[in-house]
Amino acid sequence: MSIDEIEKIITIVGSFGIGAILGGGILFYFIKSYIPAYLSEKGKNLATKEDIGAITDEVELVKSGYAEILEEVKVSNQIKVSAIEREQNIKKEVYMEAVEAITKSQNMVSSFSNLNISEEQITSGFIEQAGKIAKVQIVGSRETVQAVTIFMSEIGTATLNLMLERMPLINRKNEIKISESFRDNYQSEIDRYIAIMKNLNLAGNQDKGTWDYVNKSFEFECEQRDKHNKEIDELWVNQNREHIVYVRNCMATFFKISALLPQAVLSVRNELGLEISHEDYLDIYNKNIEKGKMVFEAFIASLEPKSS
């Protein structure tokens, strides 16, 4: 209500007399003094409540948005953590299979020294394990891939070299086998002629021609048997001497390749968070290698002929 409107009300009241004018004056003063202040304070209170409501709405909106952001961050972190855990589990699976395959491939090198095992049997295991080792190329770090690649490259080179060096030993082994087969055939003929002589004696046969033929045949078979026995003995002397040299070479290659393994193992342990001091691991590993060398040398020494 404006001041002009209030004055009009008083004019109307004045038409009713002096008392009404006084009453109107008091009313005018009351309205002019108190009502504007009241209305102003009322407006302030109303504005304050409205402001508080707006602020409250804004706060709630911010809280809601913040909660949504927190949830998104939480979900994003969970996804990242799950991805990391999944990657680590895949790595563990690959590395566990690769370590087993690498160990078998490493043992393959020493297996070349066993001449009773064919090369096909030895290398077939290597081919089978190579697929497991190749998976390291996918999940491994640069250091791990490099260490494993170097290791497998040395395995491949050693395989070719040892196969070439093995061939003369395998050929001589087959030669010995053939000579032993001839020797056994001659021995069978000797046994047959001995049985014939027994039967001739039992029958009382004194025919000179028969006995001459049997004796000459018997002597021939004995000569051939003895000849092959001598060849076999000479072959075995050479075979045993060269085989020991070859066994030494196989094991020297085995230990040389083994020296490359710690780098790969330590790199894998670092990726998987399996902490161990490099110095401690190398100390344990090298001591084990040196012990293996000592055992091997003692074994070979027991096979070598004693010098008079």
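The structure is a predicted model, in which local features need pLDDT of at least 70 and side-chain atom pairs count only at pLDDT 80 or more, while totals for chains, interfaces and linings use all residues. Residues are numbered from 1 along each chain as its sequence is written, and side-chain values use heavy atoms, with hydrogens and water left out. The protein chain holds 8 helices and 0 strands; helices (H or I, at least four residues) and strands (E, at least two) are DSSP runs, numbered from the N terminus.

**Burial**
- Of the 308 residues in the protein chain, 26% are buried, where buried means under 20% relative accessible area, exposed over 50% and partly exposed in between (1.4 Å probe, protein chains only).

**Helix 7**
- Helix 7 covers residues 261–272, and its 12 residues reach 17 Å from first to last C-alpha, close to the 16 Å expected at 1.5 Å a residue; the expected span is 1.5 Å times one less than the number of residues.
- Among the buried residues of helix 7 are Leu261, Pro262, Leu266, Val268 and Leu272.

**Negative patch**
- Glu175, Glu231, Asp233 and Glu234 form a negative surface patch (residues with over 30% relative accessible area and no salt bridge; like charges are joined within 9 Å, nonpolar side chains (Val, Leu, Ile, Met, Phe, Trp, Tyr) within 5 Å).
- A salt bridge is a side-chain nitrogen of Lys or Arg within 4 Å of a carboxyl oxygen of Asp or Glu.
- Helix 6 (residues 208–258) gives the largest share of the negative patch, 3 residues.
- Glutamate 231 lies in helix 6 and counts as partly exposed because its relative accessibility is 31%.

Conventions. Accessible areas come from the Shrake-Rupley method with a 1.4 Å probe; for residues, only the protein chains shown count as cover. Lys and Arg count as positive and Asp and Glu as negative; His and the chain ends are not counted. The place of a charge is taken as NZ of Lys, CZ of Arg, CG of Asp or CD of Glu.
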